[in-house]
Amino acid sequence: MKTPVSVLRLPRGPEPNSRGFDPNSPRYIALCPTTIPASQGNKADSVNLEEEQQLRSELRECFLRSLIAMTDKQVQFNLYEKVQVQAKFGASDIDVLNFQVSDLQTPLGVQKEALLRCQDMISYSFHL
Amino acid sequence: TVYKRFSTVLRNQSRMAMRQTPLTCSGHTRPVVDLAFSGITPYGYFLISACKDGKPMLRQGDTGDWIGTFLGHKGAVWGATLNKEATKAATAAADFSAKVWDAVTGDEVLTLAHKHIVKCVNFTQDSNCLLTGGNDKVLRIYDLSKPEAEPQEISGHTSAIKKALWCNDDQQILSAAEDKTIRLWDRNTGEAVKTLSFEASVSSMEYIPDGEILVITYGRTIAFYKAHTLDPIKTIDAPASIHSASLHPDKDFFVAGGDDFKLYKYDYSTKEEMESYKGHFGPVHCVRFSPDGELYASGSEDGTLRLWQTAVGKTYGLWKCVLPGEFERRFA
């Protein structure tokens with residue numbers, strides 16, 4: 001009877017709520033082409049880098065606040081295939097992969113609760 | 001030294017007594033139809049799997065640990081590949097598109113619309129061009145620095161293309177189709193240089209640049225050809241219908257899998273079957289050796305990928321060599 005080879009652990013499986021590609025992994029940090037042009041330059045660009053970082057933080061904060069402002073409001077979603085739907089926005093997941101909505105008006109009727117995939121959206125709008 | 005020789009003998013003896021423990025990579029929810037390894041990078045090597053669930057996954061090659069899922073396709077993904085550096089990925093899907101991805105961030109970089117199901121994708125060595133093939137029977141070459149430009153098209157196959165590969169320093173293209181032919185094309189002229197016809201449809205194709213060997217499978221046969229000339233080298237018949245085979249980088253063995261759910265390991269020189277392994281719960285669709293030859297990965301109808309050791313019992317990745325206790329106590 002042969003002894004089975006020992007294994008330290010099993011391979012890690014996918015995380016349930018994330019698409020992965022950990023931005024803190026050594027490979028990501030080393031290779032990820034930063035979208036900040038200034039960071040690819042020399043020390044003289046560090047001032048530009050700081051300014052750009054500042055602007056990016058502001059934009060990100062703006063976006064997150066827009067999601068908060070959207071809560072419980074009627075939102076019009078423009079999806080692919082020229083589909084438009086309206087719903088009451090509930091929340092987004094952490095990676096902005098899905099939006100939780102209520103009373104989704106579709107050509108087939110009203111869906112009380114639904115998840116809209118963000119990858120299916122082209123744009124969305126709402127009144128402040 | 002006497003110690004080294006003794007420890008090697010004992011290690012080999014205990015390894016011969018060891019049973020292969022395949023490592024199962026779960027996560028896919030439908031059959032895994034294609035897989036590919038990257039080259040060896042400063043961060044190790046990587047593995048991409050194509051699945052009918054439409055969500056190809058990237059994994060660390062030596063452990064099988066999930067790194068990320070490429071989200072975007074709206075249909076079964078039939079083919080997947082990585083460039084050598086594992087910085088780019090490409091996928092071919094039933095949603096009539098091929099996509100190029102940033103394999104570090106997981107972001108979709110490019111969508112290349114086709115007129116039918118896309119079955120296969122392959123990067124050139126410099127990652128600048130992408131070859132695609134699918135059910136519309138046309139090979140396409142995309143210049144990734146000019147993605148809006150029309151691709152170069154190569155026609156000739158009379159049925160759906162299953163697999164297309166760059167070869168001979170990216171100067172030629174090898175394609176296998178449902179028309180039961182394998183064709184060798186000149187990349188510049190788009191002309192067919194040579195055509196091989198078979199009795200059955202070719203189920204898989206692997207190109208080994210070092211040595212210019214082509215590994216193809218059809219029916220129960222694993223066949224080896226010279227890639228430049230398409231001259232036959234040798235053929236081996238397996239106990240069951242084979243869907244995929246892969247030759248070890250050192251060309252001492254090859255592995256194959258198919259309809260009977262098993263993985264077979266053969267000696268390349270003698271053509272003898274060395275081992276067979278059970279483990280999958282469905283037909284094996286694809287099998288590939290890692291770039292360092294230390295393991296091979298298989299993808300199955302059962303929705304899993306499995307990693308298998310080439311040298312069973314060796315310490316590598318997640319496998320640990322455990323010597324007999326007595327020896328360790330006295331000599332470790």
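Two strands are said to pair if DSSP finds at least two bridges between them; helices (H or I, at least four residues) and strands (E, at least two) are DSSP runs, numbered from the N terminus. The model is predicted, and local features need pLDDT of at least 70, side-chain atom pairs count only at pLDDT 80 or more, and totals for chains, interfaces and linings use all residues. Residues are numbered from 1 along each chain as its sequence is written, chains are lettered from A and ligands numbered from 1 in the order in which they are written, and side-chain values use heavy atoms, with hydrogens and water left out.

**First selection: a hairpin in chain B**

Select residues 129–134 of chain B, which form strand β12, together with β13(B); the two run antiparallel and are joined by 4 bridges. Within this pair, C129(B) lies opposite D143(B) of β13(B).

Next, select the loop between β12 and β13 of chain B, where K137(B) is located. The hairpin has 4 residues between its strands.

Now select residues 139–143 of chain B, strand β13, in which 4 of the 5 residues are buried. β13(B) also pairs with strand β14 (residues 152–154) of chain B, in the antiparallel sense and over 3 bridges. To locate this pairing, display R140(B) and its bridge partner in β14(B), E153(B).

Move to the loop between β8 (88–93) and β9 (97–102) of chain B, which holds F96(B). Here too a residue other than glycine has a positive phi, near 70 degrees. F96(B) has a relative accessibility of 35% and so counts as partly exposed.

Select strand β15 (residues 161–167) of chain B and highlight L165(B) within it. Is L165(B) buried or exposed? Its relative accessible area is 9%, so L165(B) is buried. Not counting residues up to four places away in sequence, L165(B) touches several residues, among them N122(B), L131(B), I173(B), M205(B) and Y207(B); contact means heavy atoms within 4.5 Å.

Chain B contains 2 helices and 30 strands. Its radius of gyration, 20 Å, is close to the 20 Å that the globule rule gives for 332 residues, so chain B is as compact as a globular protein of that length; the radius is taken over C-alpha atoms, and the rule is 2.2 Å times the number of residues to the power 0.38. Along the principal axes, the C-alpha atoms of chain B fill a box of roughly 70 × 40 × 35 Å. Of the 332 residues, 59% count as buried.

Chain A has 2 helices and 7 strands, in the sequence order β-β-α-α-β-β-β-β-β. Of its 128 residues, 20% are buried.

Technical notes: Buried means under 20% relative accessible area, exposed over 50%, partly exposed in between (1.4 Å probe, protein chains only).
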